[in-house]
Amino acid sequence: MGETALKTNGINFAKASSAALQDQQLRGNFRRAMDGLMSKRAVQFADTAEWNGVRALGASVRLRALSKLPELLEKLEANCTRNGIQVHWAATTDEANAIVLSIMQRVNAKLVVKGKSMVSEEMHLNAFLEKHGIESLESDLGEYIVQLDEAMPSHIIMPAIHMNTKQIAHLFKQKIKEAEYTEDVAQLTDLARRVLRKKFATADVGISGVNMAVAETGTLCLVENEGNGRMSTTVPPVHIAVMGLEKVVEKLEDVPPVISLLTRSATAQPITTYVNMISSPRKEGEKDGPNEIHLVILDNGRSGIYADEELRNTLRCIRCGACMNHCPVYTKVGGHAYQAPYPGPIGSILMPQVEGLEKRGELPHACTMCNACVEICPVKIPIVEIMGRLRSEAVHPGDAVRGAGSHASKAEAMVWKGWSMTYASPLAYQFATALLAKLGNAAPASLPLLKEWTNVRSKPRFANRTLHALAREKGIPDV
């Protein structure tokens with residue numbers, strides 16, 4: 001598909017991906033990172049029988065939760081409220097931002113430290129808070145790096161995967177006061193840690209995402225490697241957790257298989273360093289933890305996705321990023337080419353449904369349909385099938401997906417109508433193929449473009465006889 005066809009509302013994947021393909025540094029960074037991630041993940045799932053078993057279990061956990069989603073969300077709210085967690089519902093990102101702002105203004109917050117959260121990226125929360133005079137600091141190292149670089153995350157698990165050590169060293173020297181230039185990874189990490197530790201101690205509010213919310217117990221589950229998530233959720237006096245409404249699971253026993261799939265698929269680790277189970281604010285007699293915990297549950301188009309039985313499978317995602325690591329498109333152009341909070345295969349099916357096909361209708365075409373993402377997905381999301389469905393929705397008006405039909409072309413519709421009529425009639429088919437045989441061989445003499453195409457294409461020129469005629473000559477009866 002051409003660049004013009006992919007351009008909508010200022011978002012142009014074709015142009016952005018073309019620029020990325022010319023960036024040899026970017027491609028080299030991604031190639032090294034992805035090769036390592038894929039090989040390490042393969043080691044974690046070397047036992048095929050175990051992989052198939054835990055994958056089936058993880059998929060069943062997610063499917064069961066989705067089949068009971070309205071009921072489980074009500075149960076989650078009831079149990080969280082009983083535990084002392086205040087639950088807020090947001091239909092849109094604007095509503096979610098307003099809820100977060102109201103909590104901060106009530107406690108007169110001026111500084112926020114954030115653990116990693118893709119929903120907050122979806123909300124563009126940092127920019128929103130800055131407009132209201134509140135400093136919002138990313139405490140995950142990768143997120144901190146891209147925030148210093150004034151960029152979006154390039155990957156949902158490893159935000160700064162597009163940068164190498166030298167680039168990060170230059171960025172720290174430029175952005176962090178009194179920082180000395182060094183390419184020593186330990187020293188760079190220590191430098192970031194020193195900056196962040198001061199912020200943790202003085203922050204008014206901590207914000208985090210939610211990997212899973214357990215309806216049975218009203219527990220928020222957060223997995224991470226750096227400890228920043230635990231610092232963000234326990235040191236500040238107020239903790240705000242933001243999550244998409246699909247992140248709920250039914251029972252506490254559903255958590256371990258999903259964590260096992262998540263950590264091994266995301267970072268090729270058997271388990272992360274920290275698994276945080278948050279069920280209440282600080283109780284009387286306890287020495288740490290926030291005084292308040294707020295849970296903001298965001299819809300932002302998810303209830304519409306849930307309403308369609310096929311598209312609902314999009315909501316199974318556990319945000320492991322494995323589909324990106326194995327996608328031949330993403331690994332060549334990187335996450336920034338998608339110009340979206342969620343890049344890669346999962347972003348190519350989620351963003352068009354969340355923001356509308358009129359704005360994101362180009363993303364389902366950022367796919368070779370090779371099925372690599374489906375084969376690697378730990379919860380068996382039929383990504384390629386959904387990709388095909390969204391391509392169809394983009395050109396056929398309907399109400400299943402926002403913006404359906406926005407990429408429809410009358411000329412294309414007429415061509416396909418003609419194709420259908422031709423193939424439905426043996427007489428029309430014979431006439432059309434005979435005509436094409438004559439035109440195909442005669443046209444190059446008068447049309448330079450067609451002549452050039454005929455000279456370089458690998459396929460043979462049109463035959464002077466139709467396929468049916470050749471079959472008859474060979475004694476093959478018409479079917």
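**Salt bridges, helices and a sheet**

Tutor: Start with D308 and R389, which form a salt bridge with their closest N and O atoms 2.8 Å apart. The pair links distant parts of the chain, 81 residues apart. D308 lies in the loop between α14 (302–307) and α15 (322–325), and R389 is in helix α20 (residues 383–395). A salt bridge here is a side-chain nitrogen of Lys or Arg within 4 Å of a carboxyl oxygen of Asp or Glu. Helices (H or I, at least four residues) and strands (E, at least two) are DSSP runs, numbered from the N terminus.

A word on the source: this is a predicted model, where local features need pLDDT of at least 70 and side-chain atom pairs count only at pLDDT 80 or more, while totals for chains, interfaces and linings use all residues. Residues are numbered from 1 along each chain as its sequence is written, and side-chain values use heavy atoms, with hydrogens and water left out.

Now ask how open the two partners are. D308 is buried, at 16% relative accessible area. R389 is buried too, at 17%. Buried means under 20% relative accessible area, exposed means over 50%, and partly exposed is in between (1.4 Å probe, protein chains only).

By the salt-bridge rule the count comes to 21. Take R64 and D254 next: their side chains meet in a salt bridge at 2.9 Å, N to O. These two are 190 residues apart and link distant parts of the chain. R64 sits in helix α4 (residues 48–67), while D254 sits in the loop between β10 (248–249) and α13 (255–267). R64 is partly exposed at 27%, but D254 is buried at 2%.

K199 and E135 also form a salt bridge, with closest N and O atoms 3.3 Å apart. This pair, too, links distant parts of the chain: K199 belongs to helix α11 (residues 185–202), E135 to strand β5 (residues 135–138), and they are 64 residues apart. K199 is partly exposed at 24%. E135 is partly exposed at 35%.

E135 leads us to the sheet, through its strand β5. Six strands make an open sheet with parallel pairing, in the order β3-β12-β9-β6-β4-β5. Two strands pair if DSSP finds at least two bridges between them. The edge strands are β3 (86–90) and β5, each pairing on one side only. On average, neighbouring strands are turned by 20 degrees against each other, direction ignored.

Look inside the sheet. Strand β9 (residues 238–244) pairs with β12 (residues 292–298) in the parallel sense over seven bridges. There M243 stands opposite I297 in β12. Helix α5 (residues 69–83) packs on the sheet and touches β3, β9 and β12. Contact means heavy atoms within 4.5 Å. The direction of α5 makes about 145 degrees with that of β3. Axes are lines fitted to C-alpha atoms, for helices over the stretch in contact, and angles run from 0 to 180 degrees between N-to-C directions.

One more helix: α17 (residues 344–355). Its twelve residues should span 16 Å at 1.5 Å a residue, and the end C-alpha atoms are 16 Å apart, which agrees. The expected span is 1.5 Å times one less than the number of residues. Twelve of the twelve residues are buried, so α17 is largely enclosed by the rest of the structure. Among them are P345, M351 and E355. Just after α17, G356 takes a positive phi of about 105 degrees.
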